[in-house]
Amino acid sequence: MRLKDKVAFISGSARGMGAVEARLFAEEGAAVMVSDVNVESGKRVAAEIAKAGGKADFVELDVTNEGEWKAAIGETERRFGRVDILVNNAGIFVATVIEKTPEEEWDRLMDINGKGVFLGTKHAIPAMRRAGGGAIVNISSGAGIVGNKMEGAYTATKGAVRLFTKSAALQGAKDGIRVNSVHPGTIDTEMVASLLADKEYHRWVKTMIPLGRVGKAEEVAKLVLFLASDDASYTTGAEFVIDGGYTAG
Ligand SMILES: NC(=O)c1ccc[n+]([C@@H]2O[C@H](COP(=O)([O-])OP(=O)(O)OC[C@H]3O[C@@H](n4cnc5c(N)ncnc54)[C@H](O)[C@@H]3O)[C@@H](O)[C@H]2O)c1
């Protein structure tokens, strides 16, 4: 078991990649705090993990709210004794051209995808110091590495996560806190379900990916597991692309 005796906090884990990571982490021996704005689904994920013999609980968290982050990390320490791992996974996706993006949309994207990662990191660091170290995995995107003419605001948020990760890694190193970013390409989750339901789009997107298909949440979860585990003990401040080769060309 690669996460035996570890305690992991995963934001936005009521569904999609976060939920798959929560299940995998629990199978690998971690106690997992599932968190999300979607209370019903989040509670269901935690209950399923417990039913399968794993350790999990749920705490409601809107990642844009600093008070809620403080309470959620505190609750995790009370419930499971420590925080070793944080996956800053919660995020939203909006595809619009720049001149049609309302100011409020830019702010909402920045708040959830950008500020959410900052606040999570800010409140996990003291808890990880108390635990004697830790690992933070920030879920950015291929859209944090290369531009996209349809995703101006989204790429800005994910690019911010990429560089914030490196600064956090520099700061965390002396405390044994590793911080890395993950950059998925198109992954088959509800976030992009409506896009992929469009057969023409799906066919086109596959032609853009050297491996010829979109990715699975399970594939990303395995990479996140590696970075969260002690197998990645010499890895920090690094960016990991998982996109079937999309950004290689
Ligand atoms: N699916 C993709 O193709 C893809 C590609 C690259 C990066 N990503 C990133 O991966 C992460 C997970 O995406 P996913 O595909 O699993 O998406 P998803 O929409 O299936 O899940 C995202 C989860 O985040 C939660 N969430 C949204 N706003 C929140 C908030 N303010 N506070 C707390 N939780 C909130 C949602 O309720 C949901 O449960 C996101 O950061 C996303 O930007 C996704």
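Which strands and which other helix cover the buried residues of α3? The points below take up this matter and several others.

1. **Basis of the model.** The structure is a predicted model, in which local features need pLDDT of at least 70, side-chain atom pairs count only at pLDDT 80 or more, and totals for chains, interfaces and linings use all residues. Residues are numbered from 1 along each chain as its sequence is written, and side-chain values use heavy atoms, with hydrogens and water left out.

2. **The cover of helix α3.** The cover over the buried residues of α3 includes β1 (7–10), β2 (31–36), β3 (55–60), β4 (85–88) and α4 (103–131). Helices (H or I, at least four residues) and strands (E, at least two) are DSSP runs, numbered from the N terminus. The residues of α3 that are buried are Trp69, Ala72, Ile73, Gly74, Thr76, Glu77 and Phe80. Here, buried means under 20% relative accessible area, exposed means over 50%, and partly exposed lies in between (1.4 Å probe, protein chains only). An α-helix has 3.6 residues a turn, so residues three or four places apart point the same way.

3. **The length and ends of α3.** Helix α3 covers residues 66–80, which makes 15 residues. From its first C-alpha to its last it reaches 21 Å, close to the 21 Å expected at 1.5 Å a residue; the expected span is 1.5 Å times one less than the number of residues. At the start of α3, a side-chain oxygen of asparagine 65 comes to within 3.0 Å of the backbone nitrogen of glycine 67. Just after the helix, glycine 81 has a positive phi of about 95°.

4. **Helix α5.** The 21 residues of α5 should span 30 Å at 1.5 Å a residue, and this agrees with the 30 Å between its end C-alpha atoms. Its buried residues include Gly152, Tyr154, Lys158, Val161 and Gly172. The buried residues of α5 pack against α4, β5 and β6 (177–184).

5. **Serine 13.** Serine 13 is placed in the loop between β1 and α1 (16–27). Is this residue, serine 13, buried or exposed? Serine 13 counts as buried because its relative accessibility is 0%. Its side chain reaches the backbone oxygen of isoleucine 10 at 2.7 Å. This is a polar contact, that is, a pair of N or O atoms within 3.5 Å; within protein, one must be able to donate a hydrogen and the other to accept it, and residues adjacent in sequence count only if both atoms are side-chain atoms. Leaving aside neighbours within four places in sequence, serine 13 is in contact (heavy atoms within 4.5 Å) with Gly18, Ala19, Val34, Ser35, Asp36 and Val45.

6. **Salt bridges.** The structure holds 16 salt bridges, each being a side-chain nitrogen of Lys or Arg within 4 Å of a carboxyl oxygen of Asp or Glu. Side chains of opposite charge can pair when their charged atoms come close. One of the salt bridges joins the side chains of aspartate 231 and arginine 2 (3.1 Å, N to O). Aspartate 231 lies in the loop between α8 (217–228) and β7 (239–242) and arginine 2 in the segment before β1, so this pair ties together parts that are 229 residues apart in sequence. Another salt bridge joins arginine 162 and glutamate 239 (2.9 Å, N to O). This pair links distant parts of the chain, with arginine 162 in helix α5 and glutamate 239 in strand β7, 77 residues apart. Arginine 162 is partly exposed at 26% relative accessibility, and glutamate 239 is partly exposed at 29%.

7. **Aspartate 5.** Aspartate 5 is found in the segment before β1. Its phi is near 65°, a positive value in a residue other than glycine. Aspartate 5 is exposed because its relative accessible area is 61%. Its side chain meets that of lysine 4 in a salt bridge (3.6 Å, N to O), and lysine 4 counts as exposed at 53% relative accessibility.
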